[in-house]
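Work through the exercises below with the coordinates open. Each task is followed by a solution in steps.

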Amino acid sequence: TMIFTLSLAQFKIEIGRPAQNIAKAKWLIAEAARAGSELILFPELWTSGYDLANASRYAAENAELLPTLAKISREEQIAIGGSYLTERQGKYFNSFILLRPDGQPPATYDKLHLFRLMQEEQWLGAGKAGQTARFDWGEAGLSVCYDLRFPELYRRYALDGAQAAWVVAEWPVRRITHWQTLLRARAIENQMFVAGVNAVGEIGEAVYGGHSAIITPWGEALIEGNGKDEALLTADLDFELVAQARRTIPVFEDRRKDIYG
């Protein structure tokens, strides 16, 4: 069986204070590596929080930080994923970057669906394509926060052969039932593992709702954080469960492509 150990770093982002966030992250990376994790995921925009008016500053700092994180990834032998403000050709993006310990180029996904409630479309460019990251057991689709409300993206990943999806988020406490429900829905309907990592606590003017979780292809939580505490959540994913779910209920064979493509 293909067992994969994954850690979710549910933490409170100090808005506009990258040095503090990075110091905390380094400690969590070392802890996850000690626990035998092969991947640690951090929340959306974990180095800076939602301070899009200062995107240029954070994008420059993140560009300098990423080689350091890549070095830590190699030293600790753990992949590191999270979303960052990045800059290309004078445009800023909310980019999920997954760094690998084997020195392979990072997988980079630019958030496709920009969240109007945080004025993302005023500050950021939208992504142009989905993106998967390859692991020994197969592929995982990458996604950021608001993407979770768009089932088409995850179905596309599943149809392309993905066996998991990673979601990095800053999801507010007042809509946390949506987060919990949608993580399970995406896992059940695509018969894949879905891991979602969320921020927690009061960050700027918003309160984030935690409940980071790893959901099995059967819709059960392997592990789930609470709504208010920082936590390093670690679990073993058995990818035989994906094959089992897809054999037991052959959703992909029974799709009506003639009706809805």
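**Exercise 1.** In this predicted model, which side chain meets that of Asp-258 in a salt bridge?

Solution. Step 1: the side chains of Asp-258 and Arg-256 meet, at 2.6 Å from N to O. Step 2: a salt bridge requires the nitrogen to be within 4 Å of the carboxyl oxygen, so the pair qualifies. Step 3: Asp-258 is exposed, because its relative accessibility is 58%, while Arg-256, at 43%, is partly exposed.

**Exercise 2.** Classify the Lys-71 and Glu-75 pair by location and accessibility.

Solution. Step 1: both residues belong to helix α2 (residues 55-76) and are 4 residues apart, about one turn of the helix. Step 3: Lys-71 has 46% relative accessibility and counts as partly exposed; Glu-75 has 54% and counts as exposed.

**Exercise 3.** Is Glu-139 buried or exposed?

Solution. Step 1: the relative accessibility of Glu-139 is 18%. Step 2: buried means under 20%, so Glu-139 is buried. Step 3: the side chain of Glu-139 also makes a salt bridge with that of Arg-134, at 3.0 Å from N to O.

**Exercise 4.** Place Asp-102 in the chain and on the surface.

Solution. Step 1: Asp-102 sits in the loop between β4 (91-99) and β5 (107-110). Step 2: with 56% relative accessibility, Asp-102 is exposed.

Note on methods:
Residues numbered from 1 in each chain as written. Predicted model: local features only at pLDDT ≥ 70, side-chain atom pairs only at ≥ 80, totals over all residues. Heavy atoms only, no water. Patch = residues over 30% accessible without salt bridge, like charges linked within 9 Å, V, L, I, M, F, W, Y side chains within 5 Å. Areas by Shrake-Rupley, 256 points an atom, 1.4 Å probe, with all protein chains shown as cover. Lys, Arg positive; Asp, Glu negative; His and termini not counted. Charge placed at Lys NZ, Arg CZ, Asp CG, Glu CD. Helix = DSSP H or I, 4+ residues; strand = E, 2+ residues; numbered from the N terminus. Buried < 20%, exposed > 50% of the residue type's maximum accessible area, 1.4 Å probe, protein only.
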